[in-house]
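Could you walk me through this structure in my viewer? I would like to know what to select next and what is there.

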Amino acid sequence: MNDKLKELKEAIEKIPTYDYIDLTIDNDKLIVEQIVAVDTITFEITIKDDCYIVIERLYSEITGMTIEGNSKFDTLEEVLDFIY
C-alpha cells in the first residue's frame, strides 16, 4: 500500500463532517464515494511521480449521465480541499 494514499485515507477519516459511503484502498488506488441528493460522486486517487492524481466522476440518477474530470495535486492538503 502506498504511504501517501494511506496518509490521505487517514486524513479523510479524521474529518468529522465529511460524509462518504465508501473509503477503500484497492490496487494502489484510494476510492472515495459520496451520495449528494440523487447524485453519486466518486474520486479515484492514485500517486504518480510523487503527485496525487484525482479522477472525479459525477453520476446523475436523473439523467443517467456520468461526467468525468482529472486533476493533479502536489500536496495532501490540496486534495482534501478539492474533495471536501
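Start by selecting L30, and show everything in contact with it (contact means heavy atoms within 4.5 Å). Leaving aside neighbours within four places in sequence, L30 touches L5, L8, K9, I12, L23, T24, I25, F43, E44 and I45. Keep in mind that this is a predicted model, where local features need pLDDT of at least 70, side-chain atom pairs count only at pLDDT 80 or more, and totals for chains, interfaces and linings use all residues. Residues are numbered from 1 along each chain as its sequence is written, and side-chain values use heavy atoms, with hydrogens and water left out.

**Stop 1: the core**

L30 is among the residues with the most contacts inside the largest nonpolar core, together with L8, I12, V32, F43, I45 and V79. This core has 18 residues. The elements that give two or more residues to it are α1 (3-13), β2, β3, β4 and α2 (76-83). A nonpolar core is a set of buried Ala, Val, Leu, Ile, Met, Phe, Trp, Tyr and Cys residues joined through side-chain atoms within 4.5 Å. Buried means under 20% relative accessible area, exposed over 50%, and partly exposed in between (1.4 Å probe, protein chains only). In soluble globular proteins, nonpolar side chains tend to be buried together.

**Stop 2**

Next, select strand β1 (residues 22-25) and β2. Helices (H or I, at least four residues) and strands (E, at least two) are DSSP runs, numbered from the N terminus. These two strands run antiparallel and are joined by four bridges; strands pair if DSSP finds at least two bridges between them. Look for L23, which stands opposite V32 in β2. The hairpin has four residues between its strands, and there N27 takes a positive phi near 50 degrees.

**Stop 3: two loop residues**

Now select A37, in the loop between β2 (30-36) and β3. A37 is not a glycine, yet has a positive phi of about 55 degrees. Is A37 buried or exposed? With a relative accessible area of 72%, A37 is exposed. Move on to D50, in the loop between β3 and β4 (51-60). D50 also is not a glycine and has a positive phi, of about 65 degrees. At 53% relative accessibility, D50 counts as exposed. For comparison, most residues other than glycine have a negative phi.

**Stop 4**

Select E44 in strand β3 (residues 39-48). E44 is buried, with a relative accessible area of 16%. Its side chain makes a polar contact with the side chain of K29 (3.4 Å); such a contact is a pair of N or O atoms within 3.5 Å, and within protein one must be able to donate a hydrogen and the other to accept it, while residues adjacent in sequence count only if both atoms are side-chain atoms. Not counting residues up to four places away in sequence, the residues that E44 touches include I53.

I53 lies in strand β4 and is partly exposed, with a relative accessible area of 22%. Find N70 as well: the C-alpha atoms of I53 and N70 are separated by 7.3 Å, with the two residues 17 apart along the chain.

**Last stop: the whole chain**

Zoom out to see two helices and five strands. From the N terminus on, the elements run α-β-β-β-β-β-α. The C-alpha trace spans about 35 × 25 × 25 Å along its principal axes. Buried residues make up 31% of the 84 residues.
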